[in-house]
Amino acid sequence: MLVKRTPDLTYKDVTPKGLYMGRRNFLLGLLATSAAVAAYKRLPRVFAGPATGSVPQKINGVVKWPGSTTEAVTGEKDVTHYNNYYEFGTDKGDPARNAGNFVTTPWIVSVEGEVQKPRKFTMDEIMKLAPLEERIYRHRCVEGWSIVVPWIGYSLNTIVNLVQPKASARFVTFQSYYDPKQMPLGGSAGIELPYVEGLRLDEALNPLALLCVGMYGETLPNQDGAPVRMVIPWKYGFKSIKSIVKIKLVKDQPPTTWNIQNAHEYGFYSNVNPNVDHPRWSQKTERRLGGGFFAPRIPTQMFNGYEDQVASLYNGMDLKKYY
Amino acid sequence: MVPKFLNSIITSKWTKVPVFALCLVPLGILLWRGFHNDLGLNPVEFVEHATGDWILRFLVITLAITPLRKILHLPQLIRFRRMMGLFAFFYACLHFSTWLGVDRSFNWHDVLDDVAKRPFITVGFTGFVLMIPLAITSTAGWIRRLGGKRWQLLHRAIYLSGTAGVIHYYWLVKSDVRKPLEYAFVVGVLLAWRLWSWFTDRRKPSTVRVRQEEPTTAETM
């Protein structure tokens with residue numbers, strides 16, 4: 001039997017040398033392209049213009065809160081140009097660069113859940129629910145830096161008591177505003193959005209827990225959580241949720257953003273505690289910002305120095321377990 | 001294939017001076033900003049991040065020299081490899097001493113605690129320590145003393161340093177891992193190229209196995 005074989009490859013099928021060599025250049029091209037893409041991705045941040053949205057307004061009739069710390073207040077421009085607000089980018093300078101056009105009017109905060117009188121508050125109403133106080137708090141970030149800030153607001157318990165919690169309410173959960181159109185960088189922040197936070201009800205009712213509408217004598221700048229945020233001075237900064245649209249009283253411990261992202265590193269309580277290390281950095285000391293390059297770190301205080309006011313909330317609790 | 005003038009620039013004995021000066025620009029910018037109080041609210045973090053970035057960039061440049069020599073047929077690029085590696089080490093020294101002396105104020109108890117207990121510091125410290133013998137043995141005398149083969153084997157430790165640097169960065173960031181992944185991608189490509197060329201070299205007939213970079217002086221290493 002004759003088998004007719006046709007050679008399936010002839011000389012003309014040989015890959016031209018130029019093409020073959022091209023494979024090496026392809027690798028180079030890949031490198032160059034990825035570098036170009038990386039550079040391009042940074043462009044919008046670089047060229048985002050200055051603020052054109054709402055700018056902070058002076059707040060009149062603010063009373064001085066007697067419990068303020070007497071430590072040196074960190075400079076306003078420093079504080080408002082170095083912070084975390086991942087919806088506007090993950091670099092410390094990003095929020096100030098990118099939040100300028102954030103629209104915060106009109107603004108409604110819904111207070112709901114396990115309450116007798118659920119209610120939606122306009123921003124105007126929130127500004128008038130109680131006398132506004134200026135409270136100078138220490139603010140400690142989980143990353144190991146701290147600042148001293150004159151916030152303006154009143155105790156969260158004012159608004160919680162107004163809606164009359166039911167006996168079944170044991171926790172309070174907060175939700176931030178999130179609009180991917182206004183916050184395009186939120187999609188690559190690496191955390192689930194909208195941002196959510198929570199407190200136990202007794203923590204939320206502690207007078208130190210501040211519903212905050214301003215800082216440095218003015219309404220909040222966009223990058224610091226305009227128009228209304230929480231400030232919880234005895235907890236790490238990420239507990240102090242920004243740009244709140246919903247406050248809900250609930251029966252069970254609610255999920256919180258950083259705990260969802262990495263439960264091993266960020267607990268529900270996240271009280272400032274120099275004796276409980278974060279897995280990636282010691283919490284024994286902190287860098288008080290504004291002191292310049294050679295200022296040494298200072299010891300971190302239990303509950304960020306608010307032990308007298310809040311320690312009783314945690315009587316009998318193992319704070320290593322409930323970090 | 002490669003323009004002649006490019007080759008003559010690379011081989012000119014005058015090129016090393018401007019390249020050296022260029023490598024000092026990042027330090028110059030840091031000093032300039034430092035003296036003008038322009039390092040932001042957290043200057044220690046700023047300096048740590050800037051020097052850290054430049055370590056990784058110089059490690060990438062160092063690791064890119066061998067592939068570029070082969071792909072672009074520019075063997076003389078080897079003249080710059082030692083300088084690039086030493087600049088990676090130079091910025092690593094700045095990075096490490098800023099952390100040790102300024103960030104931690106030579107608080108040895110805290111420092112040892114950090115190195116032992118924080119994985120991101122452990123891996124970064126390891127990457128730095130591995131660079132020390134490479135910097136010491138970067139001279140022609142040491143190549144002679146060790147012999148080319150052993151010297152080359154030792155200096156492969158830069159693969160570990162580069163990998164450690166990327167992991168250090170990846171473990172440092174809280175959630176936005178894009179920048180560390182960019183470095184991981186580039187370092188990964190550069191290391192994968194070596195694996196690939198080692199593999200294809202082995203499969204070639206032995207007659208064409210010419211090793212252009214057979215070590216004779218520090219320059220050719």
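Two strands pair if DSSP finds at least two bridges between them. Keep that in mind for A:Phe174, whose bridge partner in strand 7 of chain A is A:Glu197. Helices (H or I, at least four residues) and strands (E, at least two) are DSSP runs, numbered from the N terminus.

## Getting your bearings

This is a predicted model, in which local features need pLDDT of at least 70 and side-chain atom pairs count only at pLDDT 80 or more, while totals for chains, interfaces and linings use all residues. Residues are numbered from 1 along each chain as its sequence is written, and chains are lettered from A and ligands numbered from 1 in the order in which they are written.

The score pLDDT is the predictor's confidence in each residue, from 0 to 100. Chain A has a mean pLDDT of 88, with 84% of its residues at 70 or more. Please take some care with residues 41-52 of chain A, where pLDDT stays under 50 and the model has 10 contacts beyond four places in sequence. Here a contact means that the C-beta atoms of two residues, placed from the backbone, lie within 7 Å.

## Chain A as a whole

Chain A holds 8 helices and 13 strands. Of its 323 residues, 37% are buried. A residue is buried if 20 or more other C-beta atoms lie within 10 Å of its own, exposed if 12 or fewer, and partly exposed in between, with C-beta atoms placed from the backbone. Looking at contacts in chain A between residues at least 6 apart in sequence, 70% join residues at least 24 apart.

## A sheet of five strands

In chain A, 5 strands form an open sheet in the order 3-2-11-6-7, with mixed pairing. Strand 3 (119-122) and strand 7 of chain A stand at the edges with a single partner strand each, so one side of each has no neighbour in the sheet. From one strand to the next, the twist averages 15 degrees.

Strand 6 runs antiparallel to strand 7 of chain A, and 5 bridges join them. Strand 6 also runs antiparallel to strand 11 of chain A, this time with 6 bridges. A:Phe174 stands opposite A:Ile247 in strand 11 of chain A.

How many of the residues of strand 6 of chain A are buried? The count is 6 of 6, so described because each passes the cut-off of 20 or more other C-beta atoms within 10 Å. A:Phe171, A:Thr173 and A:Gln175 point one way from the strand, and A:Val172, A:Phe174 and A:Ser176 point the other way.

## The nonpolar cores

In soluble globular proteins, nonpolar side chains tend to be buried together. A nonpolar core is a set of buried Ala, Val, Leu, Ile, Met, Phe, Trp, Tyr and Cys residues joined through C-beta atoms within 7 Å. The largest such core has 54 residues, and those touching the most other members are A:Trp151, A:Leu156, A:Val172, A:Leu210, A:Leu211, A:Cys212 and A:Met230. Elements of chain A that each supply at least two residues of this core include strand 5 (145-155), helix 5 (157-162) and strand 8 (210-215). Strand 5 of chain A gives the most, with 6 residues.

Not counting residues up to four places away in sequence, A:Cys212 touches A:Trp151, A:Ile152, A:Gly153, A:Val228, A:Arg229, A:Met230 and A:Val231. A second, separate core of 27 residues includes B:Leu63, B:Leu77, B:Phe89 and B:Leu134.

## Where the chains meet

In the model, 24 residues of chain B are in contact with 26 residues of chain A. On the chain B side, helix 4 (43-72), helix 6 (108-117) and helix 11 (178-203) are the elements that give two or more residues. Helix 11 of chain B gives the most, with 6 residues.

The residues on this side of chain B divide into 12 nonpolar, 5 polar and 7 charged. Ala, Val, Leu, Ile, Met, Phe, Trp, Tyr, Cys and Pro count as nonpolar, Asp, Glu, Lys and Arg as charged, and the others, Gly among them, as polar.

## Backbone details

The bond from A:Thr105 to A:Pro106 is cis, with omega near -5 degrees, and A:Pro106 is found in the loop between helix 3 (94-98) and strand 2 of chain A. A:Leu193 and A:Pro194 are also joined by a cis peptide bond, with omega about 5 degrees; A:Pro194 is in the loop between strand 6 and strand 7 of chain A.

Key:
Axes are lines fitted to C-alpha atoms, for helices over the stretch in contact, and angles run from 0 to 180 degrees between N-to-C directions.
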